[in-house]
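Hi,

Here is the structure for you to look over. My notes on what was found in it follow below.

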Amino acid sequence: MHAAAQQPNPLLDLLGTIQKIAAGPAAVQQDAKLSPSKEGGAEDAPTDDIMRVLASDSKYTATKFACSLNQDRTNEIALAQRTGKFLDAATRAKLQAKYEAACALNQKATPMALAKQQVGSLLGIAALNYHRAGMVTDDTILDARHAIALLKLDAGANSQQIELLENTFWPKGPTVDLNIFAAMSALEAATKYQKNTFAFERTYTGKTLQVKGRVLNITGSDAHAFLMLEGVKKDPDQRGWQDSVQCDIKDKEAMDAAAQISKGDVVTVKGVVKKGVVGGVALADCRLSG
């Protein structure tokens, strides 16, 4: 375990991208599923069993050559995320987790402790992308639990990923401040964030921000809706999450209102600024205003 902690995890380069797609509270209500910290959860499953089940489910011949292609597949996952193809990224990441497990068990080219962390990262990537695509199922929750179990083999090195998964699928949620602290355009908010992220988060985290901007995208599930407003104008293939304002909507009336708008509409929203879970300006408990 300690030897693995000294080796770089090649999947950590994807963490920044993952942080940009996890937009606040999860699509699954906290009281509907047990947190991984509760007794009796799937996190208690032996990590060796997790690896064996994934490997046997892969239907994949783990030859030395085939396993050498794993890095190319990881790059494809990152590309799918960057271009907003979250379901594709989730599917690829889950499949890649099975490939990595099969390669670790059959080729033994990677120390098992490190391989388990890589598989844990991939399962986490899959779960977070399914969440972002609004397609959270019981299997998604199980993947998140298994990811945390594997990552906790070196909890210190993987603390960011573990916290990200726990905050996304079992969030405590912010305290809503109904008083608007500041009002600005989505362009102004994104620009302020990019110029000095520390100053922006120090000034606005936990405060209610009112933002006006053009709708770039609307996704969601029965549990929440996710609205993205255009901030800094860029070509779609160059746009990052830090260039937009992201709004997570959970209130039923607010979701009903969001269902009435379309891409391209100019809307005003208000929500509580969060930090640490996403890259860019993120508003939780968001609702349309005015």
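Start with helices H6 and H7: they are roughly antiparallel to each other, because their angle falls in the class over 145 degrees. The other classes are roughly parallel under 35 degrees, roughly perpendicular from 65 to 115, and oblique for the rest. H6 covers residues 86-106 and H7 covers residues 112-132. They pack at about 165°, with axes 8 Å apart. Axes are lines fitted to C-alpha atoms, for helices over the stretch in contact, and angles run from 0 to 180 degrees between N-to-C directions. The crossing of H6 and H7 is left-handed (the near helix is turned anticlockwise from the far one by less than a right angle; clockwise would be right-handed). The contact of H6 with H7 has 17 nonpolar, 4 polar and 3 charged residues. Nonpolar is Ala, Val, Leu, Ile, Met, Phe, Trp, Tyr, Cys and Pro; charged is Asp, Glu, Lys and Arg; the others, Gly among them, are polar.

Some ground rules. This is a predicted model, where local features need pLDDT of at least 70, side-chain atom pairs count only at pLDDT 80 or more, and totals for chains, interfaces and linings use all residues. Residues are numbered from 1 along each chain as its sequence is written, and side-chain values use heavy atoms, with hydrogens and water left out.

Confidence next. pLDDT is the predictor's confidence in each residue, from 0 to 100. The protein's mean is 76, and 72% of its residues reach 70 or more. Helix H1 (residues 2-5) is lowest, at a mean of 40. Helix H8 (residues 138-151) is highest, at 91. Residues 1-13 do, with 22 contacts beyond four places in sequence. Residues 37-44 do as well, with 12 such contacts. Contact means heavy atoms within 4.5 Å.

Overall make-up: 12 helices and 6 strands. These are DSSP runs, numbered from the N terminus (helices H or I, at least four residues; strands E, at least two). Of the 290 residues, 51% count as buried (under 20% relative accessible area; exposed is over 50%, partly exposed in between; 1.4 Å probe, protein chains only). Of the contacts with a separation of 6 or more, 74% are between residues 24 or more positions apart.

- H8 and H9 (residues 159-169) have axes that come within 10 Å and cross at roughly 155°. They are therefore roughly antiparallel. Their crossing is left-handed. Among the H8 residues in the contact are Ile-141, Ala-144 and Ile-148; H9 residues include Ile-162, Leu-165 and Phe-169. By class, the contact divides into 8 nonpolar, 2 polar and 1 charged.
- H10 (residues 186-195) and H11 (residues 197-204) have axes that come within 5 Å and cross at roughly 120°. They are therefore oblique. Ala-189, Lys-192, Tyr-193 and Lys-195 of H10 meet Thr-197, Phe-200, Glu-201 and Tyr-204 of H11. That contact has 4 nonpolar, 1 polar and 3 charged residues.

Finally, two single residues. Ala-149 lies in H8 and is buried, at 8% relative accessible area. Its C-alpha atom is 6.9 Å from that of Thr-47, 102 residues apart along the chain. Asp-285 is in strand S6 (residues 281-288) and is buried, at 18%. Asp-285 has a positive phi of about 50° although it is not a glycine. Most residues other than glycine have a negative phi.

Best wishes
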